[in-house]
Number of protein chains: 2
Amino acid sequence: MDEKIWDVIVVGAGLSGLSAAHLLRKKEADLEILILEGKDRVGGRTLTSDIPAANGVDRWDLGGQWVGSTQTHLLELMKELGLETYPQFNTGRKVHHMGGPGGKIRTYKTSIPALSPVVLLDLTQLLRKIDKLCATVCVQDPSQTPNAVELDSMTVHSYFEKHGWTAELKEEMAVSCRSVFGMEPSQMSFLFFLMYAAAAGGLLPLLESSAGAAQEFKIKGGTQQLSERLAERVGLEAVRLGSAVTAIWQEADSARVTTATASFSCRAVIVTCPPHLAAKIQFHPALPSQREFLTQNMPIGHLIKFIITYQTAFWREKGFSGEIVAGSSTDSPFCVTFDATSPGGNAALVGFIAGQQASQWSSKEAGERREAVVSSLVRYLGPEAASFIHYEEKDWAEEAYSGGCPVNVMAPGLLTYYQPSLRKPCGRIHWAGTETATQWCGYMSGAVQSGQRAALEVLSDLCPSSTTPDE
Amino acid sequence: MDEKIWDVIVVGAGLSGLSAAHLLRKKEADLEILILEGKDRVGGRTLTSDIPAANGVDRWDLGGQWVGSTQTHLLELMKELGLETYPQFNTGRKVHHMGGPGGKIRTYKTSIPALSPVVLLDLTQLLRKIDKLCATVCVQDPSQTPNAVELDSMTVHSYFEKHGWTAELKEEMAVSCRSVFGMEPSQMSFLFFLMYAAAAGGLLPLLESSAGAAQEFKIKGGTQQLSERLAERVGLEAVRLGSAVTAIWQEADSARVTTATASFSCRAVIVTCPPHLAAKIQFHPALPSQREFLTQNMPIGHLIKFIITYQTAFWREKGFSGEIVAGSSTDSPFCVTFDATSPGGNAALVGFIAGQQASQWSSKEAGERREAVVSSLVRYLGPEAASFIHYEEKDWAEEAYSGGCPVNVMAPGLLTYYQPSLRKPCGRIHWAGTETATQWCGYMSGAVQSGQRAALEVLSDLCPSSTTPDE
């Protein structure tokens with residue numbers, strides 16, 4: 001047993017935990033901070049890997065990768081850490097496939113998919129309705145939204161069923177849910193969906209790669225650098241890897257945080273791991289039942305991300321952007337792909353197998369999954385897609401101390417019955433992680449925001465003079 | 001570390017775990033069986049307590065209490081253990097209050113509530129539709145039900161909204177959900193709801209206290225005796241209380257089950273604790289991701305049960321049965337009460353504060369809650385209700401190693417994406433608990449069925465000759 005009393009123990013060395021530690025250190029250089037991480041690396045749901053490529057090898061993100069120009073918390077941090085962006089390539093024809101394996105494969109150049117006039121009308125009216133509702137959402141406390149109970153009592157699927165007119169649009173919207181949440185529209189509360197969109201500035205910003213949207217830029221050298229550089233600034237000695245927290249005991253004047261092999265005392269704890277993992281920690285005294293019910297109603301999505309590298313970006317040469325959107329009714333295992341050519345010019349595509357498709361495909365052999373992906377790419381982009389250099393995939397459900405990606409959603413009923421406990425500290429325990437963010441919740445920017453917010457909470461408890469009233 | 005190799009370790013000394021151990025012992029007397037229980041008592045979600053009463057003191061059930069004549073697994077066990085039933089008293093006028101605090105308080109004597117003709121017509125058509133759907137449900141694998149994905153993609157609330165005509169009926173159905181599941185209709189999949197009803201023989205059996213229904217009989221002396229007598233038969237030395245399992249490691253030729261203070265090796269494990277608690281156990285190797293997603297999508301209900309004792313059953317004298325049904329729009333904290341007079345003649349009422357009402361009322365002072373309950377009883381049954389002997393309540397969300405009651409439900413989308421993992425063994429680990437039952441799932445009878453099924457699975461692995469092909 002380590003008899004030292006730490007000021008703050010941060011559970012999780014992802015972007016949220018390291019942002020918290022970084023802000024604590026900047027505000028109060030003398031604070032004794034310890035960061036405990038289950039994985040053998042920092043970065044949480046960001047992971048940058050070397051992958052064989054045209055020029056030998058290059059780096060790609062197997063986790064969170066995109067940045068948008070309205071993600072102010074992330075952009076400020078990137079500036080501070082000296083990281084640069086480059087735009088998501090989106091010039092050329094996009095491919096769009098819905099309506100079953102035999103459905104027509106359409107291509108289009110605009111940001112609006114190639115849809116029949118009726119479906120386009122349907123899309124327009126549905127987006128207008130959703131945007132109108134988004135504007136009414138109280139992101140800080142969604143239970144205060146007009147008509148909250150009704151909006152929270154239906155699944156996203158039920159809303160689409162009720163307010164969408166065409167089967168094609170409903171398939172389109174399911175693809176969107178799958179790619180944004182790694183979940184089916186049936187699996188989450190419509191009020192949660194609205195809150196999530198509102199926290200991003202609307203529904204379209206979640207879906208697009210245009211200015212201000214979630215898929216606007218990427219980070220040169222990969223997003224894991226954010227956490228790596230933060231860890232350097234905080235001090236590598238403050239980060240203990242391979243140290244999964246199993247228990248947090250709160251006593252009168254301190255808290256005790258336990259891993260498989262050690263136990264630490266501290267004055268405050270910031271728990272940043274996703275809610276389904278926080279639920280596995282043993283707490284004494286037990287957390288309030290509202291908090292337990294909260295985590296029981298926040299399942300995480302299922303996402304398999306793949307990067308496939310090529311000698312040349314043959315799709316660009318053929319006039320394609322690399323963006324493919326495919327419904328689950330088609331034979332395609334993936335719901336969406338994008339161009340992923342590196343800033344160094346190494347050609348690649350990135351794609352996602354998500355939601356029910358991840359559930360179906362994750363149990364198959366890796367080779368079978370790869371063949372299905374490649375054969376779909378061949379179908380959509382041409383035979384050149386078969387001659388890839390390397391296919392790398394990451395099933396986030398299999399990653400220890402993640403268990404899924406990209407985000408925990410909220411089941412119906414949660415926001416109107418238990419939500420106040422999402423950010424409410426429990427004694428010395430403060431809650432962070434992108435799921436607790438109010439701006440770009442579920443994104444890297446939300447992770448940064450939530451970490452900083454938790455750090456300010458702790459500072460106002462431990463050293464009130466270091467925070468301003470505004471904070 | 002205990003170097004002995006146990007044949008079977010059962011996690012949880014509730015009705016399911018003890019039924020499993022009992023059957024194992026009966027089939028193979030020499031099996032070395034160890035039962036590890038977190039609580040300091042056996043019985044799980046059954047708990048029988050001494051409560052001050054008219055004749056001094058008597059015993060009441062603060063957890064599961066009712067038995068129905070179609071609950072064959074439980075009835076056979078009761079017969080074997082020598083336990084007797086007595087009928088639920090339901091003679092006299094029932095009280096029915098919906099439509100806001102000022103809504104009319106109606107009384108009625110039939111099994112069908114006193115409703116206006118329109119609402120009655122609405123009830124009839126809705127029950128007919130639900131019963132028709134129930135008949136199509138494949139309880140063993142609900143994903144095989146016709147139209148399964150659609151039924152699983154909506155909440156129970158959405159189904160009632162779509163197919164119910166009147167606000168009063170919708171309030172009525174919400175009360176039913178709350179009292180059966182401790183959950184709001186918004187919080188669960190409609191396919192799960194149908195499966196649950198189908199496993200009980202239909203929706204009405206869940207709701208009524210008539211012949212064959214869930215609330216038909218009670219057990220003389222209380223339901224905890226089931227577990228106590230099972231534990232005696234299995235052998236008290238086989239049951240270790242205060243031994244919450246924190247980890248299960250599977251190795252090549254054995255499994256290792258760990259508590260806070262000890263570690264045991266065994267050939268097979270039966271995990272019987274409810275899914276949200278099983279999810280807190282650390283498993284190595286990690287469980288399949290499908291199993292993790294399953295438990296993330298199975299929140300438990302919230303139920304506060306109260307027993308209030310009186311000198312006389314004054315309500316009977318006034319022609320009331322003791323049954324009160326109250327909507328959440330009224331001022332009543334409880335959704336339902338019944339007569340709970342003991343076989344020894346000690347007068348009492350039993351009631352439930354459930355779902356969103358449990359969520360609201362659990363955070364208030366016990367005294368405030370008691371006063372609200374009593375003042376509602378006074379309103380519905382008369383001023384005599386104020387002169388009680390004792391008010392005893394049990395908030396199951398506060399009970400360690402329960403965290404809620406009566407049952408874990410399934411969020412929308414779960415049954416059609418992950419459900420096969422509900423009963424699917426993971427190596428040496430077998431799954432029991434009432435949530436895994438196919439007959440009277442969620443009830444004591446389902447707990448017995450699930451424990452016996454898991455025992456037979458283990459026997460067919462460990463000593464195939466002891467089971468018949470039918471089993």
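Predicted model: local features only at pLDDT ≥ 70, side-chain atom pairs only at ≥ 80, totals over all residues.

Reply: Buried is used here for a residue with under 20% relative accessible area, exposed for one over 50%, and partly exposed for one in between. A:Arg41 has a relative accessible area of 13% and is therefore buried. Its salt-bridge partner is A:Glu399, with the closest N and O atoms 2.7 Å apart. A:Arg41 belongs to the loop between β2 (33–36) and β3 (48–53) of chain A, and A:Glu399 to the loop between β19 (390–395) and α15 (414–417) of chain A, so that this pair links parts of the chain 358 residues apart. A:Glu399 counts as buried too, at 12% relative accessibility.

A further salt bridge in chain A is formed by the side chains of A:Glu84 and A:Lys220, at 3.5 Å from N to O. Here the loop between α2 (72–81) and β6 (85–87) holds A:Glu84, while A:Lys220 is in the loop between β9 (217–219) and α9 (224–234), 136 residues apart. A:Lys220 is partly exposed, with a relative accessible area of 36%.

In chain B, the side chains of B:Lys4 and B:Glu32 meet in a salt bridge at 3.0 Å, N to O. B:Lys4 is in the segment before β1 (5–11) of chain B and B:Glu32 is in the loop between α1 (15–27) and β2 (33–36), 28 residues apart. Both ends are partly exposed: B:Lys4 has 33% relative accessibility, and B:Glu32 has a relative accessible area of 34%. Back in chain A, shared partners join A:Lys39, A:Arg41, A:Lys394 and A:Glu399 into one network of salt bridges. Over all chains, the structure holds 32 salt bridges.

Two salt bridges cross the interface of chain A and chain B. One of the pairs found in the structure is that of A:Lys280 and B:Glu292, whose side chains meet at 3.0 Å, N to O. The contact between the chains takes 35 residues from chain A and 35 residues from chain B. Together the two chains bury about 3,000 Å², 45% of it on carbon and sulfur atoms. On the chain A side, A:Lys280, A:Gln296 and A:Tyr417 lose the most area to chain B, together 20% of what that side buries.

Lysines also meet aromatic rings. A:Lys4 lies over the face of A:Trp6, 3.9 Å from the ring centre, and the charged end of A:Lys364 sits over the ring of A:Trp361, 5.0 Å from its centre.

In one of them, A:Tyr196 and A:Tyr443 have ring centres 6.0 Å apart and planes at 45°, so the pair is tilted. A:Tyr196 is in helix α7 (residues 190–199) of chain A and A:Tyr443 in the loop between β20 (429–431) and α16 (444–462) of chain A, so this pair ties together parts 247 residues apart in sequence. Both A:Tyr196 and A:Tyr443 are buried. In chain B, the rings of B:Phe181 and B:Tyr196 have their centres 4.6 Å apart and their planes at 50°, so that pair is tilted as well. B:Phe181 is buried, with a relative accessible area of 1%, and B:Tyr196 is buried at 1% relative accessibility. A:Tyr196 and A:Tyr443 are among the members of one aromatic cluster, which also includes A:Phe181 and A:Trp440.

Methods
Residues numbered from 1 in each chain as written. Chains lettered and ligands numbered in written order. Heavy atoms only, no water. Phe/Tyr/Trp six-rings, centres within 6.5 Å; stacked < 30°, edge-to-face > 60°. Helix = DSSP H or I, 4+ residues; strand = E, 2+ residues; numbered from the N terminus. Buried < 20%, exposed > 50% of the residue type's maximum accessible area, 1.4 Å probe, protein only. Lys NZ or Arg CZ within 6 Å of the ring centre and 35° of its normal. Contact = heavy atoms within 4.5 Å. Buried area = accessible area lost by both parts, 1.4 Å probe. Salt bridge = Lys/Arg side-chain N within 4 Å of Asp/Glu carboxyl O.
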